[in-house]
Amino acid sequence: TTASSNRNVKQSIRRNDSGRRKSVVRPMLSWRSDPEQSFSDWKIEVRTMGERAVDFYHVHRNIVGFGPRKSGYFAKQFLQFNHQVRTNPTLEPKSKLILPTIEAKLFSFALDYLYLTDGQTQPTMTAESACGVYRLAERLEIPTLQTTITEFYRKHLNVSNMGKFLRAANVHQVEQLAFVAK
């Protein structure tokens with residue numbers, strides 16, 4: 001789609017041989033990119049609990065399992081795969097997750113966060129989606145995302161929406177966010 005492809009390009013200004021400025025469009029690395037063209041090296045299969053539908057995400061291990069926003073869960077999966085592939089070279093580089101409905105729906109949000117680069121803005125959230133993302137961040141061991149969600153709660157919480165924020169935290173059993181709301 002145009003919206004997702006616009007997210008995957010970065011425009012930079014360069015000077016040509018005559019010193020004139022010219023705009024250069026470079027593709028941004030993303031899980032949304034074509035897996036072959038972006039050299040994706042891992043596939044994540046996400047199933048929603050109680051449903052047959054499967055979503056596939058093609059990611060890059062260096063982005064998802066390394067760096068300041070890494071997922072500890074996937075980093076462990078990648079290390080385990082590296083050890084297992086030595087004895088079984090036919091292993092497919094992939095993970096399978098079965099997630100509650102809200103977490104499965106928000107999985108792309110977590111990937112967008114892992115691929116976030118300086119200057120990009122984070123997708124918008126609601127109190128409800130923040131709780132689902134927080135639970136997913138716990139499951140995927142992404143402490144920086146948990147901190148980001150906690151900061152979102154602190155920043156957007158006010159007297160008029162306190163009930164909604166507290167109710168969402170209680171429904172999703174996210175103690176940290178319920179504490180912030182109280």
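The model is predicted, and local features need pLDDT of at least 70, side-chain atom pairs count only at pLDDT 80 or more, and totals for chains, interfaces and linings use all residues. Residues are numbered from 1 along each chain as its sequence is written, and side-chain values use heavy atoms, with hydrogens and water left out.

The chain holds nine helices and five strands. Here helices (H or I, at least four residues) and strands (E, at least two) are DSSP runs, numbered from the N terminus. Read from the N terminus, the order of elements is α-β-β-β-β-α-α-β-α-α-α-α-α-α. The chain has 182 residues, and 37% of them are buried. Buried means under 20% relative accessible area, exposed means over 50%, and partly exposed lies in between (1.4 Å probe, protein chains only). Contacts were also counted by separation along the chain, where contact means heavy atoms within 4.5 Å. Of the contacts with a separation of 6 or more, 56% join residues 24 or more positions apart.

Three strands make up an open sheet. Their order is E4-E3-E5, and the pairing is mixed. Two strands pair if DSSP finds at least two bridges between them. The edge strands are E4 and E5 (94-99), each of which pairs on one side only. From one strand to the next, the twist averages 20°. For such angles, axes are lines fitted to C-alpha atoms, for helices over the stretch in contact, and the angles run from 0 to 180 degrees between N-to-C directions.

Two helices pack on this sheet. Helix H3 (residues 72-87) touches E3 and E5. The direction of H3 makes about 140° with that of E5. Helix H5 touches E3, E4 and E5. The direction of H5 makes about 5° with that of E4.

In general, strands of a sheet pair through backbone hydrogen bonds, either parallel or antiparallel. Both senses occur here. Strand E3 (residues 42-48) and strand E4 (residues 54-59) pair in the antiparallel sense over six bridges. Ile44 has Tyr57 in E4 as its bridge partner. Glu45 stands opposite Phe56 in E4. E3 and E4 form a hairpin, with five residues between them. In the turn, Gly50 has a positive phi of about 75°. E3 and E5 pair in the parallel sense, also over six bridges. Val46 has Leu97 in E5 as its bridge partner.

In a regular strand the side chains alternate between the two faces of the sheet. The covered face of E5 carries Ser95, Leu97 and Leu99. The uncovered face of E5 carries Lys94, Lys96 and Ile98.

His60 counts as buried because its relative accessibility is 6%. Its contacts, leaving aside neighbours within four places in sequence, are Leu29, Ser30, Ser38, Phe39, Ser40, Asp41 and Tyr115.

H2 and helix H5 (107-115) are the elements that give two or more residues to its lining. On a 1 Å grid over the protein atoms alone, a pocket is an open set of points where a 1.4 Å probe fits, with protein on both sides within 12 Å along at least five of seven lines; lining residues have an atom within 4 Å of a point. Among the lining residues are Met28, Leu29, Ile63, Phe66, Arg69 and Tyr115. The lining divides into eight nonpolar residues, three polar and one charged. Ala, Val, Leu, Ile, Met, Phe, Trp, Tyr, Cys and Pro count as nonpolar, Asp, Glu, Lys and Arg as charged, and the others, Gly among them, as polar.

Tyr134 lies in helix H6 (residues 127-139). Tyr134 counts as buried because its relative accessibility is 7%. Leaving aside neighbours within four places in sequence, Tyr134 is in contact with Gln146, Ile149, Thr150, Val174, Gln176 and Leu177. Tyr134 and Val174 are 40 residues apart in sequence, yet their C-alpha atoms are 7.6 Å apart in space.

Two loop residues other than glycine have a positive phi. Glu141 lies between H6 and helix H7 (143-156), with phi near 55°. Glu141 is partly exposed, because its relative accessible area is 29%. Gln173 lies between helix H8 (162-171) and helix H9 (175-181), and its phi is near 55°. Gln173 counts as exposed, because its relative accessibility is 60%.
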